[in-house]
Amino acid sequence: MSVIVHRNGTLAADSHVNSGELTFPFSKLWQVPTTGVLCGAVGPLSSIVQLQEWTLGSSHTPYPLNTGGTLLLLTKEKGLLRYKDLPIPYLHGANNYAIGEGAPFAYGAMFMGATAEEAVAAAIDGSPYCNGHVVSLSL
C-alpha cells in the first residue's frame with residue numbers, strides 16, 4: 001500500500017504503488033490547477049487513477065464508488081477532507097492525519113515532532129509496504 005501524511009498545510013507521501021505483485025514509482029499527490037486544491041490518494045493503483053481523474057475531470061465525471069481507495073483533499077478554506085467510497089467528505093480540518101499501511105510509523109514520528117516529510121521518511125524506513133522517496137506539496 002503506501003502512506004500519505006497531512007501536517008501544517010503539507011501533504012507528503014511515499015512514491016511507489018503496488019499493482020498485483022509489482023511495485024513501481026508513481027506519484028500519489030497532485031494539485032488541481034483550476035482551484036489550487038492539493039490531492040492525494042491511497043489504495044490499489046486503479047482506484048488512485050480513478051480518484052485522480054475525478055478530481056481533475058469535468059463536473060460530469062461521477063465519483064468512483066467503492067474503489068477500495070481513499071482520497072484526501074487539502075484546501076485553504078476547510079483544511080483536510082477525506083473521501084472513502086462515497087462522494088461525502090469527512091472533515092479533518094487542520095488536524096494531523098496519516099493514512100495507509102505506513103500510518104502507524106508516521107503517527108509515531110509526528111508524536112515526536114516530525115514534519116510531514118519526516119513522518120513519511122519514518123514510514124518508508126519502518127514499513128515494508130512503503131517505498132521510494134518522499135514527495136510533498138504545501139499550501
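Author: Asp14 has a relative accessible area of 0%, and because the cut-off for buried is under 20%, Asp14 counts as buried. The model is a predicted one, and the values below are computed from it.

The partner of Asp14 is Lys28: the two form a salt bridge, and their closest N and O atoms are 2.4 Å apart. Side chains of opposite charge can pair when their charged atoms come close. The count of salt bridges by the rule used here is 1. Lys28 also has a relative accessibility of 0%, so Lys28 is buried as well. The pair links distant parts of the chain, 14 residues apart. Asp14 sits in the loop between β2 and β3 (16-19), while Lys28 sits in the loop between β4 (22-25) and β5 (29-31).

Both residues of the pair are also in contact with Ser2. Ser2 belongs to the segment before β1, and its relative accessibility is 2%, so Ser2 too counts as buried. Leaving aside neighbours within four places in sequence, the contacts of Ser2 include His16, Val42, Tyr129 and Cys130. Ile99, Gly100, Glu101 and Gly102 are also among them.

Strand β1 covers residues 3-7 and strand β2 covers residues 10-13, and they pair in the antiparallel sense over 4 bridges. Within β2, Ala13 is the residue that stands opposite Ile4. The sheet as a whole is open and has 4 strands, in the order β10-β1-β2-β11, with antiparallel pairing. The edges are β10 (97-100) and β11 (135-138); each has a single partner strand, so one side of each is left without a neighbour in the sheet. On average, neighbouring strands of this sheet are turned by 15° against each other, direction ignored. Helix α2 (residues 103-111) lies across β1 and β10, and runs at about 160° to β10.

Leu65 is in the loop between α1 (45-56) and β7 (70-75). Its relative accessibility is 52%, and since exposed means over 50%, Leu65 counts as exposed. Together with Leu86 and Ile88, Leu65 makes a nonpolar surface patch of about 320 Å².

To return to your spot: Asp14 is buried, Lys28 is buried, and a salt bridge joins them.

Definitions and conventions:
Residues numbered from 1 in each chain as written. Predicted model: local features only at pLDDT ≥ 70, side-chain atom pairs only at ≥ 80, totals over all residues. Heavy atoms only, no water. Pairing = 2+ DSSP bridges. Helix = DSSP H or I, 4+ residues; strand = E, 2+ residues; numbered from the N terminus. Axes fitted to C-alpha atoms, helices over the stretch in contact; angles between N-to-C directions. Contact = heavy atoms within 4.5 Å. Patch = residues over 30% accessible without salt bridge, like charges linked within 9 Å, V, L, I, M, F, W, Y side chains within 5 Å. Areas by Shrake-Rupley, 256 points an atom, 1.4 Å probe, with all protein chains shown as cover. Salt bridge = Lys/Arg side-chain N within 4 Å of Asp/Glu carboxyl O. Buried < 20%, exposed > 50% of the residue type's maximum accessible area, 1.4 Å probe, protein only.
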